[in-house]
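Let's take a walk through this model, with a stop at a loop, some aromatic rings and a pair of helices. Have the structure open and follow along.

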Amino acid sequence: MTAGTPGWARALWVRVETIHAVTYFSAESREAATGAGLKGFWMGYFGFRAAPLGAVGAAAVEATFFNFAPAMVGRSIPDAWRYASPDDLVATRADAAARALRAVSSDMERVAGAANASLERAVDEGSASGRPLFAANQAVPLPADPVAALWQHCTSLREHRGDGHVASLLVADLDGCEAHVLFAADRQVPIEVLRDNRGWSADEWAAATARLVERGLLRRDGGITDVGLEARERVEMETDRLAAAPFTELDPASLLELLDPLARAVVEARVIPFPNPMGLPSVHAPTDASA
């Protein structure tokens, strides 16, 4: 694969997302969120992930995160900022993620030393136009700790891809709930993994399903149609294309080789559940499309 090709961008996403995701699932990160004053898993999730945006309200988080039910966001934001400032959470999340990565790999210092220059270049090359979560993370001052810096680079690039994915879904005229319904039908992910972890009610899920049936993307029995499969593939291919832009001047094989063992260490330590609401496949599985 050559630099900037969609196939390489998708393979990189699996590794970058896996490294990034310790901030949600690792014991170190969950304990750090509680120690910072955040109440429960989901306030920790929203507080940590939204922190680079500043003390925004629920509407901004709903818009940028895209696929969460508004009621779920409203249970954590803006209340999270009553317990901890966004600036403090930016520092806390990076420190906790670095500790989690060191816990799963004794090779972290070498990986960070070898990969950070290329990752930083990719982050610098990424365009922030129309990408609010990437823009906010791109502006985060890099931690002095090289492992925390590696995690922040991966997080910035993850949000770059995520912002592009939202744009691709909007072009396809899919809302946040519909995107999950279509993904679940395609990949046969248990509905509860996506619906319940994104806060959609049974009625909201059923209404989204009905809209997709009406458009010919799903069958009445809930199975995905050929039209639905084509729509999903167009979204994912456009997501890959948009995500590839920061890497056009880099050596993809070298970067993938550096990040792959670390991502595998995260998976082998069972930090991340599979299946998961991110639509992230295991690095041990064939590369799949993201939800």
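Start in the loop between H11 and helix H12 (176-187), where you'll find Asp173. Helices here are DSSP runs of H or I with at least four residues, strands are runs of E with at least two, and both are numbered from the N terminus. Asp173 isn't a glycine, yet its phi is positive, at about 60°. With a relative accessible area of 55%, Asp173 is exposed; the cut-offs are over 50% for exposed, under 20% for buried and partly exposed in between, using a 1.4 Å probe and protein chains only.

Before going on, a word on what you're looking at: this is a predicted model, in which local features need pLDDT of at least 70, side-chain atom pairs count only at pLDDT 80 or more, and totals for chains, interfaces and linings use all residues. Residues are numbered from 1 along each chain as its sequence is written, and side-chain values use heavy atoms, with hydrogens and water left out.

Phe66 has a positive phi too, near 75°, and is not a glycine either. Phe66 sits in the loop between H5 and H6, and its 15% relative accessibility makes it count as buried. For background, most residues other than glycine have a negative phi, and most peptide bonds are trans. Where does the chain have a cis bond with omega near 10°? That is the peptide bond from Ile77 to Pro78, with Pro78 placed in the loop between helix H6 (70-74) and helix H7 (80-83). The bond from Phe274 to Pro275 is cis as well, with omega near 0°, and Pro275 lies in the segment after H16.

Now for the rings. Searching the whole structure turns up 13 aromatic pairs; rings of Phe, Tyr and Trp (its six-membered ring) pair if their centres lie within 6.5 Å, and planes under 30 degrees apart count as stacked, over 60 as edge-to-face and the rest as tilted. Trp8 and Phe247 are edge-to-face, because their planes stand at 75°, with the ring centres 4.8 Å apart. Trp8 belongs to helix H1 (residues 6-20) and Phe247 to the loop between helix H15 (226-244) and helix H16 (252-268), so this pair ties together parts that are 239 residues apart in sequence. Both Trp8 and Phe247 are buried.

Tyr45 and Phe65 also form an edge-to-face pair, since their planes are at 90°, and their centres are 6.2 Å apart. Tyr45 comes from helix H4 (residues 40-50) and Phe65 from helix H5 (residues 58-65), 20 residues apart. Tyr45 and Phe65 are both buried. They belong to a cluster linked by ring pairs, whose members include Tyr24, Phe25, Trp42 and Phe68. Arg49 lies over the face of Phe65, 4.2 Å from the ring centre; to count, NZ of Lys or CZ of Arg must be within 6 Å of the ring centre and within 35 degrees of the ring normal. As for H4, eight of its eleven residues are buried, so it is largely enclosed by the rest of the structure.

Last stop: helix H8 (residues 86-104) and helix H11 (residues 146-171), which pack at about 105° with their axes 8 Å apart. Axes are lines fitted to C-alpha atoms, for helices over the stretch in contact, and angles run from 0 to 180 degrees between N-to-C directions. H8 and H11 are therefore roughly perpendicular, the term for 65 to 115 degrees, while under 35 is roughly parallel, over 145 roughly antiparallel and the rest oblique.
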